[in-house]
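Let's take a walk through this structure together. Keep the sequence and the 3D view side by side as you read.

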Amino acid sequence: MMKDKGNRVNYKEIGIFILILLAIIFILLKIIPTNFRYGILIAFGISMIVMPMTKKKIVDHDERNYQIDLQAKACAFNILEMVFGLLLLIFSIMHVTFIVLVLTLTAYLIIKMVNLLAFSYYHQNN
């Protein structure tokens with residue numbers, strides 16, 4: 001029996017993820033020259049902003065795929081909250097500059113605010 005081609009793994013996203021991990025490892029190991037590090041980080045920052053703006057295509061328009069997508073996003077959001085908490089704790093232990101702490105805390109608070117506003121919106125409209 002042949003597999004349905006609509007439910008295949010998205011190798012493009014996995015490849016991009018692996019490239020990002022490799023670049024981070026190379027930056028941490030100082031294999032990449034200092035001049036290129038900031039360019040790579042800027043490129044990754046831009047791609048992290050642009051990629052969520054492009055809508056993912058769900059090939060089969062059935063309810064199961066939508067539910068799987070929502071569960072994956074919920075799991076990622078829960079992990080993101082833990083990562084931000086760990087970052088704030090680690091940054092404060094490392095005594096990084098105050099602006100880094102403020103920016104990290106601001107990003108965390110923006111995410112929590114969007115979460116609360118979206119919950120309120122969907123609770124009223126559904």
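Start at His95, which is exposed, with a relative accessible area of 70%. Here, buried means under 20% relative accessible area, exposed means over 50%, and partly exposed is anything in between (1.4 Å probe, protein chains only). His95 is found in the loop between H3 and H4, and it comes after H3 with a positive phi, near 60°. Most residues other than glycine have a negative phi. His95 is not a glycine, yet its phi is positive, about 60°.

A quick word on what you're looking at: this is a predicted model, where local features need pLDDT of at least 70 and side-chain atom pairs count only at pLDDT 80 or more, while totals for chains, interfaces and linings use all residues. Residues are numbered from 1 along each chain as its sequence is written, and side-chain values use heavy atoms, with hydrogens and water left out.

Now zoom out. The protein has 4 helices and 0 strands, where helices (H or I, at least four residues) and strands (E, at least two) are DSSP runs, numbered from the N terminus. Follow the sequence along and you get the pattern α-α-α-α. Of the 126 residues, 10% count as buried. The accessible surface comes to about 11,200 Å², and 72% of it belongs to carbon and sulfur atoms; areas like this come from the Shrake-Rupley method with a 1.4 Å probe, and for residues only the protein chains shown count as cover. As for contacts (heavy atoms within 4.5 Å), take those with a separation of 6 or more: residues 24 or more positions apart account for 42% of them.

Next, look at H3 itself. How far apart are the end C-alpha atoms of H3? They are 46 Å apart, which agrees with the 46 Å that its 32 residues should span at 1.5 Å a residue. The expected span is 1.5 Å times one less than the number of residues. Within H3, Asn65, Asp69, Phe84 and Phe91 are buried, and what covers the buried residues of H3 includes H4.

So how do side chains link these two helices? Side chains of opposite charge can pair when their charged atoms come close. A salt bridge is a side-chain nitrogen of Lys or Arg within 4 Å of a carboxyl oxygen of Asp or Glu, and by that rule the count is 1. Glu81 forms a salt bridge with Lys112, with the closest N and O atoms 2.6 Å apart. Since Glu81 lies in helix H3 (residues 63-94) and Lys112 in helix H4 (residues 98-125), the pair ties together parts that are 31 residues apart in sequence. Glu81 counts as partly exposed at 22% relative accessibility, and Lys112 is partly exposed too, at 25%.

Rings of Phe, Tyr and Trp (its six-membered ring) pair if their centres lie within 6.5 Å; planes under 30 degrees apart count as stacked, over 60 as edge-to-face and the rest as tilted. That gives 2 aromatic pairs. For Phe84 and Tyr108, the ring centres are 6.1 Å apart and the planes sit at 55°, so the pair is tilted. Phe84 lies in helix H3 and Tyr108 in helix H4, so this pair ties together parts that are 24 residues apart in sequence. Phe84 is buried, at 14% relative accessible area, whereas Tyr108 is partly exposed, at 24%. Tyr121 and Tyr122 form an edge-to-face pair, 5.2 Å centre to centre with 70° between the planes.

Ile14, Phe17, Ile18, Leu19, Leu21, Leu22, Ile25, Phe26, Leu29 and Ile31 form a nonpolar patch on the surface, with about 940 Å² of accessible area together. Patches are made of residues with over 30% relative accessible area and no salt bridge; like charges are joined within 9 Å, and nonpolar side chains (Val, Leu, Ile, Met, Phe, Trp, Tyr) within 5 Å. Ile31 sits in the loop between helix H1 (11-28) and helix H2 (34-53), and is exposed, with a relative accessible area of 54%.
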